[in-house]
Amino acid sequence: MMKQLFGKWSAIAKESIDRAAIVAKLLCLLHVTNTYIFSPTLVYGPSMLPTLNLTGDVVLSEYVSHRLGKVGPGDVVLVQSPENPRKMITKRVVAMEGDAVSYLVDPSRSDRSRTIVVPKGHVWNQGDNIYASNDSRNFGPIPYGLIQGKVRCRVWPLDGFGSL
Amino acid sequence: MSLFQQWAFLVKEALDKSFLVAKFFCAVHVTNTYLGSTAVVYGPSMLPTFSLNNDLVLLERISTRNGKAGTGDVVVLQSPENPRKFVTKRITGMEGDKITYIVDPKNSDKTETVIVPKGHVWVQGDNVYNSYDSRNFGPVPYGLLKGKIFWKIWPTSAFGSIGRRPETVDPALKDLEQANQS
């Protein structure tokens, strides 16, 4: 009698472990894809208007190009903020190492501009909305190693679907 | 069994074995990226804590990910000048700290003082005479820190934990020094 009960219990336990293993493998695959290949990302904020909306867009970002060194000027990238390592920000790469970048220091107040040469191993990024963007004009050129991914296209809202 | 059946059986076996190998590599990779791994450190900038070449160390990736790396920790970071290179240095200041450092100790006594900006750390090699560190490339964003070194495995004469202060004596020669003193 006890043997029967134990047999039933161990069969149930074995089956639940098998099912849990399948779920774990699926989550593993999802995680690997999201970290190393591509994933949808929610981006929000005023600094990339009019390219990206204020209240949030879901974009598809890929994580392969920056590892191969294929990020260049004009790309919209996800970077780890140099002021707060837990925050990810979205900006456009304007200049790579060695380029001389001329930028407006504070366009809503004056026409003053400065020119700077981007040091080795760094990139200069700016938001498309230079009037409301905290970017390299504020925190300086950032090391290439902080780039986490490249934004490819928008998937939501649907009327903005397509590459940026 | 027909030829096709035999071939199908072989293909299935090969797939099963390669899945097993893939799962093993997956587990190794996950451990190396999120838990800890070993590393070979070389170069003169962390003498005498690490010797000139072929020191094997154990590093863990949990502290740097959770923001728990602090002053005195030996860390592995992505070089701000070359994103493909990883360097090993000691954190000597966190954000907000005022750092006074000797600009070029081999040639002069001139010092400079900086305040480490928000989100950045100041790293220096233990061997200030031969180290390319924050005194050259400035404070480093915290996001570039990739792991903390906490244990040295090889050479076995210096097996042991890495402390929060630079060693003053080559750990491999510590026994010899003590024998000489007594």
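B:Asn180 sits in helix H4 of chain B, which spans residues 174–181. In this predicted model, is B:Asn180 buried or exposed? Its relative accessible area comes to 61%, and the cut-off for exposed is over 50%, so B:Asn180 counts as exposed. For a sense of where that puts it, take B:Arg135, 45 residues away along the chain: the C-alpha atoms of B:Asn180 and B:Arg135 are 36 Å apart.

Now move to B:Arg90, which belongs to strand S4 of chain B, residues 86–93. What does the side chain of B:Arg90 pair up with? The partner is B:Asp126, and the two side chains make a polar contact of 2.9 Å.

Next, have a look at where the two chains meet. On the chain A side, 19 residues are in contact with 18 residues of chain B. The size of an interface is often quoted as the accessible area lost when the parts come together. For chain A and chain B, the buried area is about 1,400 Å², with carbon and sulfur atoms giving 56% of it.

What about specific polar pairings? Between chain A and chain B there are six residue pairs in polar contact, counting pairs with both residues at pLDDT 80 or more. Salt bridges across this interface, by the rule used, number zero. On the side of chain A that touches chain B, helix H1 (residues 2–37) of chain A gives the most, with four residues. Sorted by class, that side of chain A has seven nonpolar, seven polar and five charged residues.

Notes
Residues are numbered from 1 along each chain as its sequence is written. Chains are lettered from A and ligands numbered from 1 in the order in which they are written. This is a predicted model: local features need pLDDT of at least 70, side-chain atom pairs count only at pLDDT 80 or more; totals for chains, interfaces and linings use all residues. Side-chain values use heavy atoms; hydrogens and water are left out. Contact means heavy atoms within 4.5 Å. Buried area is the accessible area (1.4 Å probe) that two parts lose on being put together, summed over both. A salt bridge is a side-chain nitrogen of Lys or Arg within 4 Å of a carboxyl oxygen of Asp or Glu. A polar contact is a pair of N or O atoms within 3.5 Å; within protein, one must be able to donate a hydrogen and the other to accept it, and residues adjacent in sequence count only if both atoms are side-chain atoms. Helices (H or I, at least four residues) and strands (E, at least two) are DSSP runs, numbered from the N terminus. Ala, Val, Leu, Ile, Met, Phe, Trp, Tyr, Cys and Pro count as nonpolar, Asp, Glu, Lys and Arg as charged, and the others, Gly among them, as polar. Buried means under 20% relative accessible area, exposed over 50%, partly exposed in between (1.4 Å probe, protein chains only).
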